[in-house]
Amino acid sequence: MSESTTQQENMDEIEAAPRPRRRRSPIIDAVVSALGIYLLVTMWGDFRYWMQSSEPVDLGGAAALLENGVPDDLDESYVILRGTPDIQHAARLKIDDRQVSYLRIVEGGGSLFAAAPRAEDQAPNQFEGVYAGRMRRLGKLRMYPWIESFFNAESIHQTREASAESLMTALASRQGGSLTLQDVDGSTFTVDAEERLGLVVTLPDVQLQLGRSSFSSKREAEAAVASLGLPYFSPEEQTSGSFYKFYARVPAADRSAVEGRLSEGLEPPPRPDAAYGVAVLPSSATYFIPARSIEGGAEGIRIEYGDSTTTKGFAVAGDRLIERPLEDGRLTFDPASVRRVLLERDVRVDPNGYLIAVGETPESQWMAPLMWGGVLLVVGWNLASLFFWWRRRQAQMVA
């Protein structure tokens, strides 16, 4: 065999040898790894919830849960909670083939909601007030923009009521400008320093209404009031077209007798009409002031009057009543005269609050570990591929 023949055979063998497989671009490994890590992060909540105990954590009542603010450690927890559903502002949605009601839990203000599946035969406003399911942070939900838009557009107002005794206790133990009060139902709530409280105060004076058809002039009506021998106040402007109005310091036990004395000799009205006869009415005033401007002490409850236009009430000066003067810009009231302490808030959805997906148990997320594990393998494979590519690249640079 000639030398040229041998060379030709060697060249044929080289040409017949398979080419080495070209390695996949590391850019693809990087993109797949980044996408996989994103999926791992987004699916972590489902995986974490699947690992929860099959027995729900009993959180008790919503009011007690939120007594000290919204807790930070309830996201992705399996819980059971009791609270009052706000059926007046419930929203209903159809998700796939299911009807779901989105409810605000009253005690939570704008921080606690529930998504409760509805049965076909369920009455529109029938809810038990017990919620067992998955607790999720509102701001993390894909539904959050819709929930925020719907419930904020409802212009919901929430009113809380406390007693004067609760207010005095709160004033004695306050720290800073805020106040922690006890509601009439026994639950507590905190009022920030700049939030306005409404104090409904019973004033010691009565309003006397003397019908214009029974008294020919204001002078005649005032003479009748003066004959009582009690301190009184006569407003300069009489705005009502039906009666003359006066204020007098009349003890509660004597008010019926005073009405009788003023009515003596008057003809009975032909029909119920404020223009005839006499009415003796208790008077009260409601003061809306910032919580920080309320003080308590041995003298009673003191409030900063500020720019309020509510009546100050009256003080006795001889045989007359005069407008009550301010003391250092403040009014003082006997706690016994404070009938109600009110807080009215505009309810706004809090992204740091929670929504309970009722009926969603950890077992319902059985696909989560399979999907999460599968994505983890893909990410690991691509990261390993990137690592070996980097090692080879370093070796080639050294060589």
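Q: Why does Asp-75 count as buried?
A: Buried means under 20% relative accessible area, exposed over 50% and partly exposed in between, with a 1.4 Å probe and protein chains only; Asp-75 has 9% relative accessibility and therefore counts as buried. The model is a predicted one, in which local features need pLDDT of at least 70 and side-chain atom pairs count only at pLDDT 80 or more, while totals for chains, interfaces and linings use all residues. Residues are numbered from 1 along each chain as its sequence is written, and side-chain values use heavy atoms, with hydrogens and water left out.

Q: What makes Lys-140 and Asp-75 a salt bridge?
A: The term requires a side-chain nitrogen of Lys or Arg within 4 Å of a carboxyl oxygen of Asp or Glu, and the N to O distance between Lys-140 and Asp-75 is 2.4 Å. Lys-140 lies in the loop between strand S6 (130–137) and helix H4 (144–153), and Asp-75 in the loop between helix H3 (62–65) and S2, so the pair ties together parts that are 65 residues apart in sequence. Whereas Asp-75 is buried, Lys-140 counts as exposed, at 52% relative accessibility. By this rule the count of salt bridges comes to 16, and Glu-76, Arg-134, Arg-136 and Glu-360 are linked in a network of them.

Q: How do you know that Arg-345 forms a salt bridge with Glu-195?
A: The closest N and O atoms of Arg-345 and Glu-195 are 2.7 Å apart, which meets the cut-off. This pair links distant parts of the chain, with Arg-345 in strand S19 (residues 338–346) and Glu-195 in the loop between strand S9 (188–191) and S10, 150 residues apart. Arg-345 itself is called partly exposed because its relative accessible area is 25%.

Q: Why is Glu-323 called exposed, and why is Lys-312 called buried?
A: Glu-323 has a relative accessible area of 52% and is therefore exposed, while Lys-312, at 16%, counts as buried. Their side chains meet in a salt bridge with an N to O distance of 3.8 Å. Glu-323 lies in strand S17 and Lys-312 in the loop between strand S15 (300–304) and strand S16 (314–317), so the pair ties together parts that are 11 residues apart in sequence.

Q: What makes Ser-77 a buried residue, and which residues does Ser-77 touch?
A: Ser-77 has a relative accessible area of 11% and so is buried; its place is in strand S2 (residues 77–82), strands being DSSP runs (E, at least two residues) and helices likewise (H or I, at least four), numbered from the N terminus. Contact means heavy atoms within 4.5 Å, and Ser-77 touches Tyr-49, Gln-52, Gly-133, Arg-134 and Met-135, not counting residues up to four places away in sequence.

Q: How do you know that the buried residues of H6 line one face of the helix?
A: In helix H6 (residues 218–226), Ala-221, Glu-222, Ala-224 and Val-225 are buried. Seen down the axis of H6, these buried residues fall within an arc of 155°, so they line one face; the arc is that of the directions from the helix axis to the C-beta atoms. What covers them includes strand S10 (196–211), helix H7 (255–263) and strand S17 (320–323).
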